[in-house]
4 protein chains.
Amino acid sequence: MVPDGYRFSRVFDTRWNDNDVYGHLNNTTHYAAMDTTITSWLIETAGLRSTADAAMAVVVSSSCTYLASVSFPESLLVGLRAGRIGTTSVTWELGLYAESTGSLVATGQFVHVFVDSATQRPVPIPLAVRDAIEAQLVVSAC
Amino acid sequence: MVPDGYRFSRVFDTRWNDNDVYGHLNNTTHYAAMDTTITSWLIETAGLRSTADAAMAVVVSSSCTYLASVSFPESLLVGLRAGRIGTTSVTWELGLYAESTGSLVATGQFVHVFVDSATQRPVPIPLAVRDAIEAQLVVSAC
Amino acid sequence: MVPDGYRFSRVFDTRWNDNDVYGHLNNTTHYAAMDTTITSWLIETAGLRSTADAAMAVVVSSSCTYLASVSFPESLLVGLRAGRIGTTSVTWELGLYAESTGSLVATGQFVHVFVDSATQRPVPIPLAVRDAIEAQLVVSAC
Amino acid sequence: MVPDGYRFSRVFDTRWNDNDVYGHLNNTTHYAAMDTTITSWLIETAGLRSTADAAMAVVVSSSCTYLASVSFPESLLVGLRAGRIGTTSVTWELGLYAESTGSLVATGQFVHVFVDSATQRPVPIPLAVRDAIEAQLVVSAC
């Protein structure tokens, strides 16, 4: 089930070695959860191919706000929506929930810029990807 | 579904950053998959508590044989059974399968020794854990 | 050598499996670099003990701005300074440099809140830690 | 300093999130240490290029025996030597030591098979790599 305010979601299973000395998921794990959710949507839904395409998505910034600690073997349910969509970049907005209880664990953002694989210079978001984002990940204002 | 020859199985989802430069799961990921499968069985089925118990399970050896490469976003289905069960140690035998096709990707072994949390000296496998292993993870000879 | 504008630095070696499909450090690695730098300073310089102390440091937010890609086997030189110091929280500011060239790769922030290990409620920064931060990590205005 | 019985060594720094709930390096970290040591030797000394070469090294098996636990912020000193060298494969033998004390923490093995990047079929070890292994990593019998 997609959490309120998001348009897509995916379960992110945790691992024994994600727990740190305090017995909670280390803070880097939340970024792996967000990175994996965005990338799987890009590959599986928007058809981006990680190596074959001329344009690749590069992370230029990311952030996370941690609201509650959570531990393996709990899974995360990661909600995804698109924020600002520019010519060459997109802001992803994410919510991380404890799967068993539905309580919010963290929120975060990633900004991807699309660049030419060869030159590394920014290029427009590939049309098929932009169309998929607009059709499936934008939260419409009421 | 538990793969042939195993008694328990658990899906292990892969992550975008598990793929290395060659576009395949890095070889360390398979150990995280085996470690997570065994530990989740110990916690969720055998009732071992990672910090509260007097006895803890320490890995003394591990190995893996890689048969085929596999890539995110493919998930692994990890089969588990018990091999040799000694007084203080147990050998876990695992099979890693591509979840979507069922084809075998790798096989591996872990040996855990139970030690006293305070002294780090070997102690007998806790009775409840031994009973659960014998009842649920041993493959009976025909 | 501590980079300009920082008060402490530590080398963070990268690993083969930090490189992702694009042949660059995956974006989560930069957080491991920042987390490790802060924690090692807290343990080795400020004397925080990860499990024995009543107060523990919990991450409440983090962010990173990526300026250039970098690849294993390059090491990172991570510069650290203190930003805002509150009663119960501290903001860490970090700069990540390619060790071999000194060029800036990324900048980031972590906010730690100190909490009581038992109750998880915010507590004042332990005095010895606060003193060490003020003496060693604050960048004085001229 | 190269540990007794090995021909090459490299320091492997640990990370805060390598420590698991027990406060020790999780068992998967030792494989990252071995993988990183072998690969850095192949890239930096033997001149293997991870993506440009026709032949790539694929892990077909690995194993580790754990002798003592160790914790971040301790670094590992990883010793490397060549074991059996076949036509298409090489066995790497490794020793992992606590850098501060020199005490042995673990020993391990990796077997690499060289395969054609396009066909994934085994190919002879590239001559320059074989020469470097024989000149620099073989322990001669007395």
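Student: How many residues of chain B are in contact with chain A?

Tutor: Chain B has 14 residues in contact with 14 residues of chain A, where contact puts the C-beta atoms, placed from the backbone, within 7 Å. This is a predicted model, where local features need pLDDT of at least 70, side-chain atom pairs count only at pLDDT 80 or more, and totals for chains, interfaces and linings use all residues. Residues are numbered from 1 along each chain as its sequence is written, with chains lettered from A and ligands numbered from 1 in the order in which they are written.

Student: And how many residues of chain C are in contact with chain A?

Tutor: There, 18 residues of chain C meet 18 residues of chain A. On the chain C side, β2(C) gives the most, with 9 residues. Strands here are DSSP runs of E with at least two residues, helices are H or I runs of at least four, and both are numbered from the N terminus.

Student: Which way does β2 of chain A run against β2(C)?

Tutor: They run antiparallel, joined by 5 bridges; strands pair if DSSP finds at least two bridges between them. One of the partners is C:C64, bridged to A:S62.

Student: New topic: at what angle do α1 of chain B and α1 of chain D pack?

Tutor: About 170°, with the axes 9 Å apart. Axes are lines fitted to C-alpha atoms over the stretch in contact, and angles run from 0 to 180 degrees between N-to-C directions. α1(B) and α1(D) are therefore roughly antiparallel, a label for angles over 145 degrees.

Student: Which residues of α1(B) make that contact?

Tutor: B:N27, B:T28, B:Y31, B:A32 and B:D35.

Terms used: Two residues are in contact if their C-beta atoms, placed from the backbone, lie within 7 Å. Angles under 35 degrees count as roughly parallel, over 145 as roughly antiparallel, 65 to 115 as roughly perpendicular and the rest as oblique.
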